[in-house]
Amino acid sequence: MSDAPLIDPFQRPITYLRLSVTDRCDFRCTYCMAENMTFLPKKELLSLEELDRVSSAFIGLGVRKLRITGGEPLVRRDIMEYFRAMSRHLETGALDELTLTTNGSQLERFAGDLAACGVRRVNISLDTLDSQKFTDITRRGDLDKVKRGIDAAQSAGLRVKINAVALKNFNDVELFDLTEWCAARDMDLTWIEVMPMGDIGNEDRLDQYWPLTDLRDQLATRYTLTPLAERTGGPARYVRLEETGQKIGFITPLTHNFCESCNRVRLTCTGELYMCLGQEDRADLREPLRAHPDSDEPLVAAIREAITHKPKGHDFDYSRQRPDGQVSRHMSHTGG
Ligand code: SAM
Ligand code: SF4
């Protein structure tokens, strides 16, 4: 049974791995990180070789989609070596999709290389089209550079989806501008409800919280929204805007329960496997990786054991007007 696919206790096949390759980032988005983040010592992080071993083990166990995230994945030194290594699984057909979520700041440099490695789509996070607001929310980002990154990605033939975190009193006023800007560039747009992750200082999340039900109602005042049946096994739901042809996604982990179709697990840059984004339960895969450099059997056994603990669902809940179910780690640690 060593090559049997991963099926969790609720009969959900695990076919999607989200892998954080670094906790570092060149931005400090206010909803994600504190201004003065302390990053992990390098020896804590999985090496590129360890990332290859663990990713390949998951692919051997039936994972068909691999999304690289972080922190900012493209600030990890030599990360293209890892992408090049993973492209062999696309070539053999063992992997359907290799993709990444990025803030776009390094895409001008790497878009061509990513396309050459078989990456076909990228998610780029961008919350505002106002340069000053962009620098404020990212605490250091340069909007023009990110726009050049988007251009480079499209020129390299990558399909771009924009991810925006929905923030009241921030980008609510840009709903239509962002929609039309994306439409003009043939990009889909997904909105993410802000989640209670990590201790990020003084931000009051209840002040920022913009429910996507409200966002969707506002969109419907201007466009015809056709719900799409498409499901990715995750928390996203999609509509098509008939006037632009664009797909708009809504990621609402706080207000909708999507857990019954969950097909994914997340691995942190230190090798901790989280079976659920909203739960603390995790398994250490770095130990079997490092203790057995010449055999992946203990690693595979640890993965199988971990999947038997995948919980039925998460506990996020804003309904009592406080961020219950808050988990203490940062999004940059687990990867969004
Ligand atoms: N640095 C890359 C980026 O920004 O795309 C990848 C990592 S980032 C943690 C992944 C996604 O998580 C981004 O789209 C970001 O906007 C989102 N994110 C970060 N903190 C969040 C929070 N507290 N609530 C909801 N989404 C969050
Ligand atoms: Fe960096 Fe992405 Fe977090 Fe922003 S959301 S601080 S870009 S990891």
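Analyst: Happy to! Let's start with a term: a residue is near a molecule if one of its heavy atoms lies within 4 Å of it. Around ligand 1 there are 18 such residues, the closest being Tyr31, Gly71, Ser125, Val165 and Met195. As background, this is a predicted model, where local features need pLDDT of at least 70, side-chain atom pairs count only at pLDDT 80 or more, and totals for chains, interfaces and linings use all residues. Residues are numbered from 1 along each chain, chains are lettered from A and ligands numbered from 1 in the order written, and side-chain values use heavy atoms, without hydrogens and water.

User: How much of ligand 1 does the protein bury?

Analyst: The protein buries 95% of the 540 Å² that ligand 1 exposes when taken alone; these areas come from the Shrake-Rupley method with a 1.4 Å probe.

User: Why is the pair of Phe27 and Phe134 called edge-to-face?

Analyst: Rings of Phe, Tyr and Trp (its six-membered ring) pair if their centres lie within 6.5 Å; planes under 30 degrees apart are stacked, over 60 edge-to-face, and the rest tilted. Phe27 and Phe134 have ring centres 5.9 Å apart and planes at 85°, so they are an edge-to-face pair. Phe27 is in the loop between β1 (16-20) and α1 (48-60) and Phe134 in helix α4 (residues 131-138), so the pair ties together parts 107 residues apart in sequence.

User: And what is the pair of Phe176 and Tyr223 called, and why?

Analyst: Here the centres are 6.2 Å apart and the planes at 50°, so this pair is tilted.

User: How do you know whether Phe176 is buried or exposed?

Analyst: Buried means under 20% relative accessible area, exposed over 50%, and partly exposed in between (1.4 Å probe, protein chains only). Phe176 has 17%, so it counts as buried. Tyr223, with 7%, is buried too.

User: What makes Arg222 a charge over the ring of Phe176?

Analyst: The rule wants NZ of Lys or CZ of Arg within 6 Å of the ring centre and within 35 degrees of the ring normal. Arg222 lies over the face of Phe176, 3.9 Å from the ring centre. Lys247 lies over the face of Tyr238, at 4.8 Å.

Notes
Helix = DSSP H or I, 4+ residues; strand = E, 2+ residues; numbered from the N terminus.
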